[in-house]
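Trainee: Could you take one part of this model and walk me through it slowly, then show me how the rest is put together? I'd like the cut-offs spelled out as you go.

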Amino acid sequence: MTLEEKMRMRSPWIMHFDTGSCNGCDLEVWALLTPRYDVERFGAVNRANPKQADVLLVTGPVTKRCEDRLRNLYEQTPEPKLVIACGDCASTGAPFHNCYNVNGGVDKVIPVDVYVPGCACRPEALIDALVLGLSMWREKVQKMVGEEGR
Amino acid sequence: MEVITYILQLLIIILAPLAVGLGAGIDRKITARMQNRLGPPVVQPFYDIGKLLAKRPMLLSRLQVVFAGAALLFHAAALALFVAGGDLIVAFFVSGTGSICLVMGAFSARSPYSYIGGQRELLAILAYEPVLFLVVLAIGLETSFLVSGIGGGLLIALPLVLLALIPVLVILLEKSPFDVPTAHQEIMSGPYVEYSGPYLAIMEVARWFQLAFVFGLVTLFFWSADPVVSAGGKLALAFAVLFVTIIIDNITARLTRGRMVRFMLTVGVGLVAINLLVLFVIGQGAI
């Protein structure tokens, strides 16, 4: 692993977005930042700003009202980026599947890299997803660098 | 001898912001330990800068980048002037211009969040610049305005002035109770909100240069004839001041912008004034 790759892997900045969740998964996402799970030891900080974020943590089924906002946030996040769908609702729509006001999972609107199961998803599972996501991110970075010919 | 001095000065100009970055890492680690967390590695700020530089740039307006570059240049120039033994007042004003460039950069983007951040940064400048200026004046009146002419005895003569520098550093380090420009609970990144990737890294490095200048002012307070003792004492004093700001950060909540300005313009200015008054009275008595 080169120094540049190491730097990228050691500093994933998080942005959390709620697309209509019941607040269960949101609390688990926030638990990540508390002393018990402390993802800051991996270099992750909550920036709440798409322009400065690397990892989008999306919770909840994507309601039709939220669709444009989610797409907007995704487009404002600079490459290389990572999208993690946290919880059953964000992954598939779960009980809200086929509701008239809901799109289903996050992947109906923006491409998703990692799905985290659970209702609500466990913080341990979220940490696992982050670690898995970072290894995928590395591949993404290498592909991006290859495309740009840098 | 001359050449060695130049090389040493150049080394300090390059190493001082890196030391501030390391200080930021130590700060995050100590804060985490105080909150019973493990915290990121000490070199985390460098990882962040490296990652930001490697991100794909997203440009909002060219003017914004110009201002980011200008802020970096002015802060670096202020530190260079300081290290080269130049005039403290000139270095102070050059550093102040760098701060204004940060605000102009925030205003040059068409974004309400960036505007709020810029306005708040202006208020922060209004709060800390008068105190910083009085600190510079007090140091100059006590010994010399030229950094190269400043000798020992500042800590004994001006203890309250050093105390007045601590809230200034609290504002500059964006720590509570005075983290008004980048209020984390509501506007998150303040004046930096529209910067991303490499441009955010430029702003971050500019801030490191600015902090290196202010920590340089702190190191002036310790002086010894022995260069090794002098350097060690200066580092220890700078770290002690950093540690005090970390403790203040962890035991306080953010105050409103009005209270920040009021505190700095009364207590901050008052501390420097009392110190100078006492010095003046003692000086009169000696005569």
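Mentor: Helices here are DSSP runs of H or I with at least four residues, strands are runs of E with at least two, and both are numbered from the N terminus. B:S230 is buried, because its relative accessible area is 7%; buried means under 20%, exposed means over 50%, and partly exposed is what falls in between, with a 1.4 Å probe and protein chains only. Setting aside neighbours within four places in sequence, B:S230 touches B:F222, B:W223 and B:S224, where a contact means heavy atoms within 4.5 Å. There's also B:G152: 78 residues separate it from B:S230 in sequence, while the C-alpha to C-alpha distance is 9.8 Å.

Before going on, some ground rules: this is a predicted model, so local features need pLDDT of at least 70 and side-chain atom pairs count only at pLDDT 80 or more, while totals for chains, interfaces and linings use all residues. Residues are numbered from 1 along each chain as its sequence is written, chains are lettered from A and ligands numbered from 1 in the order in which they are written, and side-chain values use heavy atoms, with hydrogens and water left out.

Staying in chain B, have a look at B:E174, in the loop between α7 (159–172) and α8 (197–219). B:E174 isn't a glycine, yet its phi is positive, at about 55 degrees. With 21% relative accessibility, B:E174 counts as partly exposed.

Chain A has a residue of that kind too: A:N23, not a glycine either, has a positive phi near 90 degrees. You'll find A:N23 in the loop between β1 (14–18) and α2 (24–33), and at 41% relative accessibility it counts as partly exposed.

Now the chain A fold. It has 5 helices and 4 strands, and from the N terminus they run α-β-α-β-α-β-α-β-α. Strand β2 (residues 55–59) is mostly covered, with 5 of its 5 residues buried. On one side of β2(A) are A:V55, A:L57 and A:T59, on the other A:L56 and A:V58, and all are buried. β2(A) runs parallel to β1(A), and 5 bridges join them; two strands pair if DSSP finds at least two bridges between them. Within that pairing, A:H16 stands opposite A:L57 in β2(A).

Two peptide bonds are worth checking in your viewer. One is cis between A:E79 and A:P80, with omega about -10 degrees, and A:P80 lies in the loop between α3 (64–76) and β3 (82–86). The other is the cis bond from A:C119 to A:A120, omega near -5 degrees, with A:A120 in the loop between β4 (114–116) and α5 (123–148).

Zooming out, the C-alpha trace of chain A spans about 45 × 35 × 25 Å along its principal axes. Of its 150 residues, 53% count as buried. Among contacts in chain A with a separation of 6 or more, 81% come from residues 24 or more positions apart. As for charge, chain A has 18 positive and 20 negative side chains, and the centres of the two sets lie 2 Å apart. Lys and Arg count as positive and Asp and Glu as negative, without His or the chain ends, and each charge is placed at NZ of Lys, CZ of Arg, CG of Asp or CD of Glu.
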